Amino acid sequence: MKTQHIALVALTIATASLQAQPMNFDFKDPKGVNNIVFKLDAPLESINGTANGISGTITADPKAPEKISGKIIVDAKSLTVPNPVMQEHLHGADWLDTSKHPEITFEIKNVVNTKQDANQGTADINGVFTLKGVSKDVTVPVSVTYLPGRLKDRGGDKEGDLLVVRTTFKINRGEFGIKEGESLDKVSDVIEIQLSLAGAAPKG
Amino acid sequence: MSAPRPARAVIAIGTAVILLSVVLWAVLGANMGWTKSYIEIPKQDEVTGIDYTEKVNRFVPGVDLLVPAIGAGFVCVFAGIIILKRKPKTHITTS
């Protein structure tokens with residue numbers, strides 16, 4: 001009886017430690033839903049573009065949101081704007097120079113101000129944002145939703161969990177070597193970036 | 001005296017360009033912004049709640065095409081009016 005009790009306690013501890021293990025969430029979404037929206041103010045209308053060439057992995061422990069690490073990578077060539085002339089300029093050498101700098105990345109350094117309520121939480125993530133080959137430290141406010149066991153609901157055949165990450169932050173294009181101090185009458189210096197991403201952690 | 005034929009034709013072409021541009025612009029979406037080669041349909045992922053857009057290829061002319069087209073039309077109309085107002089050359093013959 002005593003042996004059974006010890007075994008049960010050991011099993012409970014082992015299960016708890018397994019559940020608390022960090023999981024790797026892959027942000028390459030086969031459904032193509034993950035997206036980034038970028039917005040620049042301009043005189044006639046604001047320039048809104050999107051990108052969906054997103055990949056990267058985030059290692060997170062849903063029970064310890066401050067223990068999060070990883071990197072999100074955006075294929076710069078997947079950035080599109082509806083106007084074909086602007087699209088050409090956007091990818092050209094004066095703007096993003098996507099042939100020389102094909103990736104835009106955000107690498108997590110640490111997480112502060114975490115607030116958690118059941119499977120949802122908010123935090124400020126300090127990380128390194130790299131655009132057009134220039135890396136800068138930025139702090140972005142994120143909201144995170146953990147969806148345990150919901151991976152299969154998205155149409156795949158694998159069981160697993162989902163991690164939904166949302167953030168909106170602003171950068172100054174001049175600081176990243178994009179026409180610094182130029183064309184300010186045509187396009188604002190400030191770029192608003194909005195990310196909506198879902199990462200999958202398949203089980204088994 | 002009737003107006004010279006080339007002048008009337010230029011005015012007619014200019015008027016047609018203006019009308020056609022406005023009608024095409026209005027029919028294709030009356031877009032007050034820049035010309036677009038696609039439109040975006042808002043969608044939402046049922047499981048994650050993520051808002052995203054689906055791109056549909058469609059030409060939507062903006063004011064960057066409308067304004068030059070109307071301008072070109074007005075240039076034609078004014079050119080025609082100038083030709084019309086020119087006094088016809090008179091040949092004075094002495095006997």
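Of the 95 residues in chain B, 17% are buried, where buried asks for 20 or more other C-beta atoms within 10 Å of a residue's own, exposed for 12 or fewer, and partly exposed covers what lies in between, with C-beta atoms placed from the backbone. Keep in mind that this is a predicted model, in which local features need pLDDT of at least 70, side-chain atom pairs count only at pLDDT 80 or more, and totals for chains, interfaces and linings use all residues. As for labels, residues are numbered from 1 along each chain as its sequence is written, while chains are lettered from A and ligands numbered from 1 in the order in which they are written.

Let's stay with chain B for a bit. Its inventory is two helices and two strands, and along the sequence they come in the order α-β-β-α. Helices here are DSSP runs of H or I with at least four residues, strands are runs of E with at least two, and both are numbered from the N terminus. Take the contacts in chain B with a separation of 6 or more: 71% of them are accounted for by residues 24 or more positions apart. A contact means that the C-beta atoms of two residues, placed from the backbone, lie within 7 Å.

Now for the helix pair. Two packed helices are described by the angle between their axes and the distance between the axes. In chain B, the axes of α1 (residues 5-27) and α2 (residues 63-85) come within 7 Å and cross at roughly 160°. That angle makes α1(B) roughly antiparallel to α2(B), a label for angles over 145 degrees, with under 35 counting as roughly parallel, 65 to 115 as roughly perpendicular and the rest as oblique. The axes are lines fitted to C-alpha atoms, for helices over the stretch in contact, and the angles run from 0 to 180 degrees between N-to-C directions. The crossing of α1(B) and α2(B) is left-handed, meaning that the near helix is turned anticlockwise from the far one by less than a right angle (clockwise would be right-handed). In the contact of α1(B) with α2(B), 19 residues are nonpolar, five polar and one charged. Nonpolar covers Ala, Val, Leu, Ile, Met, Phe, Trp, Tyr, Cys and Pro, charged covers Asp, Glu, Lys and Arg, and the others, Gly among them, are polar.

On to chain A. Here you'll find two helices and 10 strands, and the pattern along the sequence reads α-β-β-β-β-β-α-β-β-β-β-β. The C-alpha atoms of chain A fill a box of roughly 80 × 35 × 30 Å along the principal axes, and 31% of its 204 residues are buried.

For a local stop, look at A:T139 in strand β8 (residues 134-147) of chain A. A:T139 counts as partly exposed because it has 13 C-beta neighbours inside 10 Å. Leaving aside residues up to four places away in sequence, A:T139 touches A:D124, A:I125 and A:N126.

Where do the chains meet? In all, 16 residues of chain A are in contact with 14 residues of chain B. On the chain A side, α2 (84-91), β9 (160-172) and β10 (190-202) are the elements that give two or more residues. By class, that side has eight nonpolar, four polar and four charged residues.

Finally, confidence. The predictor gives the complex an ipTM of 0.82 and a pTM of 0.82. Mean pLDDT, the predictor's per-residue confidence from 0 to 100, is 89 for chain A and 90 for chain B. Over residues 8-18 of chain A, pLDDT stays under 50, and the model has zero contacts there beyond four places in sequence. Where pLDDT is low, the predicted coordinates should not be read in detail.
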